[in-house]
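Reader: Please take a close look at the aromatic rings in this structure. I would like to know how they are paired and what surrounds them.

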Amino acid sequence: MNNWKHNHILDLSTFSLEDYNTVLELTTRFKDVHTSSSRKLPALQGRLIINLFFEPSTRTRTSFELAAKRLSADVQNFSVSASSLSKGETPLDTILTYISMGADILVLRHESTNVPAELANYIDINNINTSILNAGDGFHSHPSQGLLDLFTLATFFNPNEPSTNSLLNKKITIVGDILHSRVARSNLWALTACGADVTLCGPPSLLPDEFIDFVLNPPPGQKFDPINSRGSVFVKRSLKDALKNSDAVMTLRLQKERMKQNMLTDLDSYYAQYGITHESLKWCEKKVPVLHPGPVNRGIEISSQLVEDNSINLIGKQVENGIPTRMALLYLLGLNKNNQ
Ligand code: CP
């Protein structure tokens with residue numbers, strides 16, 4: 001943990017194997033805090049955490065709030081509709097207002113890609129003692145979701161000691177609207193870092209061929225990839241081919257709010273081709289877990305029956321694991337501050 005170097009958490013492309021294992025170990029440790037007698041740890045007592053969500057959220061915002069409270073931090077939630085944005089204040093001035101109030105960590109969700117990175121840059125240049133934790137920016141990155149998905153899969157494959165090794169050589173299939181999905185991008189960085197092979201599946205309008213090269217180079221502005229050897233990425237158009245030999249399947253919501261125009265003319269045909277159902281899962285040739293980051297659109301990317309079948313889906317586990325995963329991230333950023 002002393003080796004934790006990140007003052008902000010913006011994107012998983014910068015994570016080393018040690019970073020992933022630090023998060024997995026801490027998440028394992030924090031998983032049972034809510035069943036302890038005090039239900040809280042004093043780790044972040046006196047720290048101020050602000051949830052700044054410029055886009056709607058149910059899971060991420062609430063679980064960051066619960067995570068902060070379980071670590072005894074003070075936590076404030078920003079609401080767009082009740083804020084001075086309607087009086088013409090800019091998002092940057094809103095954020096600077098919270099920094100002036102002494103925010104230690106800003107948990108930030110924004111519809112525009114790179115807003116968290118630009119703010120982190122501003123903070124670093126001006127020597128401000130606040131950390132940015134990206135809670136989802138455009139279709140770029142959703143690191144806490146990628147990490148809670150990683151923890152959920154690592155725990156499924158290795159319940160006693162989840163680690164990056166738990167994913168080695170596993171075959172994970174991600175189905176649906178990859179193009180507009182920050183969740184898919186964060187999972188691609190995390191899963192391939194652990195040596196899993198990822199098969200992406202969807203129609204060309206939602207999954208361009210170029211995704212096959214997604215993890216081959218670090219993103220623009222990043223000097224090197226901290227992972228020496230990543231798992232492979234494949235692109236498949238046929239769900240039957242994509243599911244064959246899979247060890248786990250993740251399906252994604254159609255991100256209509258991010259589509260420039262309606263990119264699918266017929267949702268029934270999409271469901272027939274790419275919907276995850278008890279029937280389509282037979283193509284896996286064994287029983288495999290199904291993940292979905294939520295929110296779910298029943299009957300579009302996944303059947304209603306599957307959403308309610310807890311013997312197969314890990315959707316509830318993902319939500320449950322979101323709290324200790326986010327406790328781990330807040331703890332690491334808070335710990336970093338204590339060392340300054
Ligand atoms: N998975 C996810 O980010 O859900 P919310 O939009 O509800 O936070």
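Aromatic rings

Author: Phenylalanine 157 has a relative accessibility of 22%, so it counts as partly exposed (buried is under 20% relative accessible area, exposed is over 50%, and partly exposed lies in between, with a 1.4 Å probe and protein chains only). The model is predicted, so local features need pLDDT of at least 70 and side-chain atom pairs count only at pLDDT 80 or more, while totals for chains, interfaces and linings use all residues. Residues are numbered from 1 along each chain as its sequence is written, and side-chain values use heavy atoms, with hydrogens and water left out.

Searching the whole structure gives nine aromatic pairs. Rings of Phe, Tyr and Trp (its six-membered ring) pair if their centres lie within 6.5 Å; planes under 30 degrees apart are stacked, over 60 edge-to-face, and the rest tilted. Phenylalanine 78 and tyrosine 98 are edge-to-face because their planes stand at 85 degrees, with ring centres 6.1 Å apart. This pair joins distant parts of the chain, 20 residues apart: phenylalanine 78 is in strand E2 (residues 74–78) and tyrosine 98 in helix H3 (residues 91–100). Helices (H or I, at least four residues) and strands (E, at least two) are DSSP runs, numbered from the N terminus. Phenylalanine 78 is buried at 4%, and tyrosine 98 is buried at 16%.

Phenylalanine 157 pairs edge-to-face with phenylalanine 156, at 5.4 Å between centres and 80 degrees between planes. Phenylalanine 156 is partly exposed at 41%. Lysine 170 lies over the face of phenylalanine 157, 4.6 Å from the ring centre; a charge sits over a ring if NZ of Lys or CZ of Arg is within 6 Å of the ring centre and within 35 degrees of the ring normal.
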